[in-house]
Amino acid sequence: MPLMVGLVDGSMIKTMESRLARNRAVLVTGAAGFIGARLTQRLLDEGNAVIGIDAYTPTYEVGEKLARSALLRQHPRYRHVTGDLVEQTLAPLLEGVDVVFHLAGRPGVRPSFELRDLYWRDNVLATARLVEACAAAPSVRRLVYASSSSVYGDAALPLREDGTPAPVSPYGETKLEGERICLAANGRQLEATALRYFTVYGPGQRPDLGLRRFAEAALTGGPIELLGDGTQSRDFTYVDDVVEATQLAARAPVVGLAVNVAGGSRISLLEVFSLLEKLVRHDLEIRPSPFARGDVRHTEADTARARLLLGFEPKVSFADGYRREVDWLRRGARSAA
Ligand SMILES: NC(=O)c1ccc[n+]([C@@H]2O[C@H](COP(=O)([O-])OP(=O)(O)OC[C@H]3O[C@@H](n4cnc5c(N)ncnc54)[C@H](O)[C@@H]3O)[C@@H](O)[C@H]2O)c1
């Protein structure tokens with residue numbers, strides 16, 4: 001049984017008597033997604049049995065999701081369930097499962113203003129149903145939830161977990177509500193942690209995200225649409241570092257908190273373009289247009305909590321990580337990241 005040792009941010013902290021075993025049965029929600037597929041592959045490579053669930057929500061080309069899950073399905077320890085967390089009966093999927101990684105969700109800031117109801121459905125209702133099912137499942141000990149830096153809005157830098165989050169988009173609001181639901185489950189014998197991912201990139205990245213759109217345009221010689229003046233900046237996080245932090249959260253001795261997961265350096269879009277010009281070896285054609293609603297100016301994480309509680313250190317520099325993404329796109333590999 002976990003031992004309660006104190007209160008931080010009003011959340012319970014528990015220490016485990018022993019670390020969780022490495023080889024176990026786990027459930028990954030959103031397993032056909034960009035990050036979920038990468039996490040699932042790593043879990044399989046390390047000897048775990050994985051059940052993946054995904055609804056193939058058409059937020060971007062569904063073929064990319066189908067291709068990711070087709071690769072995973074080749075693995076003998078992988079079982080795929082095509083299903084929607086809002087509709088699926090979840091109890092049978094949780095039988096014998098020790099850890100749940102909840103990455104399913106409707107991502108993206110800009111569409112969330114027009115599709116508010118769908119964001120609440122896929123990010124809040126889906127999370128509430130999953131948490132209920134996990135709390136009722138005897139084998140499930142731990143839930144790791146993929147939250148977002150979008151919960152912070154335009155707060156002062158560096159962004160710290162102990163501030164009061166003030167999201168500026170429906171997407172950010174729904175991710176924050178998802179966090180609240182997950183962390184509240186710590187009072188119900190479920191050990192839950194919320195990881196606030198900061199702009200995740202790398203091979204396999206979602207096609208709607210800026211770094212991929214910029215690279216695709218650069219590789220085909222087309223213009224790059226820049227929303228804003230390029231001085232906006234992000235704490236970009238390489239996908240394998242995110243996967244590492246997510247796995248560490250499944251074994252960490254402390255639960256019940258939100259934790260930033262970030263690459264550790266803040267890079268402006270102008271710096272991105274200058275690196276991209278070197279990677280594609282020609283000048284870019286940039287077409288500026290106004291800032292997009294809901295986009296924050298800057299993100300930069302305080303990563304002290306991730307270092308202390310998870311033992312997490314990002315390993316991949318932006319220059320290396322973006323080169324790997326551009327190489328992946330250059331190979332025309334839209335799925336096999
Ligand atoms: N990519 C990023 O930069 C980033 C940053 C912060 C947080 N996140 C969070 O990380 C998670 C994964 O993001 P991603 O970039 O891999 O996105 P993604 O869209 O590629 O993956 C999410 C997957 O969830 C599935 N899904 C959505 N609603 C579902 C439902 N109701 N039932 C079952 N499956 C459902 C989708 O079909 C999709 O395959 C999301 O929760 C997102 O909010 C991502």
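This is a predicted model: local features need pLDDT of at least 70, side-chain atom pairs count only at pLDDT 80 or more; totals for chains, interfaces and linings use all residues.

Biologist: How many helices and strands are in the protein chain?

Modeller: The protein chain has 10 helices and 15 strands. Its radius of gyration is 19 Å, close to the 20 Å from the globule rule for 337 residues, so the chain is as compact as a globular protein of that length.

Biologist: What box do the C-alpha atoms fill?

Modeller: Roughly 60 × 45 × 35 Å, along the principal axes.

Biologist: And what percentage of the residues count as buried?

Modeller: 47% of the 337 residues. Take the contacts with a separation of 6 or more: 82% of them join residues 24 or more positions apart.

Biologist: Switching to the ligand. Which residues come nearest?

Modeller: Gly30, Gly33, Phe34, Gly105 and Ser148, out of 30 residues around the ligand. Elements giving two or more residues to that shell are α1 (34-45), β4 (49-54), α4 (116-136) and β7 (142-148).

Biologist: Which element gives the largest share?

Modeller: Helix α1, with 3 residues.

Biologist: What's the shell like by class?

Modeller: It has 15 nonpolar, 8 polar and 7 charged residues.

Biologist: Let's look at Leu44. Buried or exposed?

Modeller: Leu44 lies in helix α1. It counts as buried because 20 other C-beta atoms lie within 10 Å, and the cut-off for buried is 20 or more.

Biologist: What is Leu44 in contact with, leaving aside neighbours within four places in sequence?

Modeller: Val50, His75, Arg77 and Tyr78. Leu72 is 28 residues from Leu44 in sequence, and their C-alpha atoms are 8.8 Å apart.

Biologist: What does Leu195 touch, not counting residues up to four places away?

Modeller: Val144, Tyr145, Ala146, Ser147, Ala245, Thr246, Ala249, Val259 and Val261.

Biologist: Last one, helix α6. Which residues are buried there?

Modeller: Gly210, Leu211, Arg212, Phe214, Ala215 and Ala218, in a helix that covers residues 210-220.

Key. Residues are numbered from 1 along each chain as its sequence is written. A residue is buried if 20 or more other C-beta atoms lie within 10 Å of its own, exposed if 12 or fewer, and partly exposed in between; C-beta atoms are placed from the backbone. Helices (H or I, at least four residues) and strands (E, at least two) are DSSP runs, numbered from the N terminus. A residue is near a molecule or strand if its C-beta atom, placed from the backbone, lies within 6 Å of it. Ala, Val, Leu, Ile, Met, Phe, Trp, Tyr, Cys and Pro count as nonpolar, Asp, Glu, Lys and Arg as charged, and the others, Gly among them, as polar. Two residues are in contact if their C-beta atoms, placed from the backbone, lie within 7 Å. The radius of gyration is taken over C-alpha atoms; the globule rule is 2.2 Å times the number of residues to the power 0.38.
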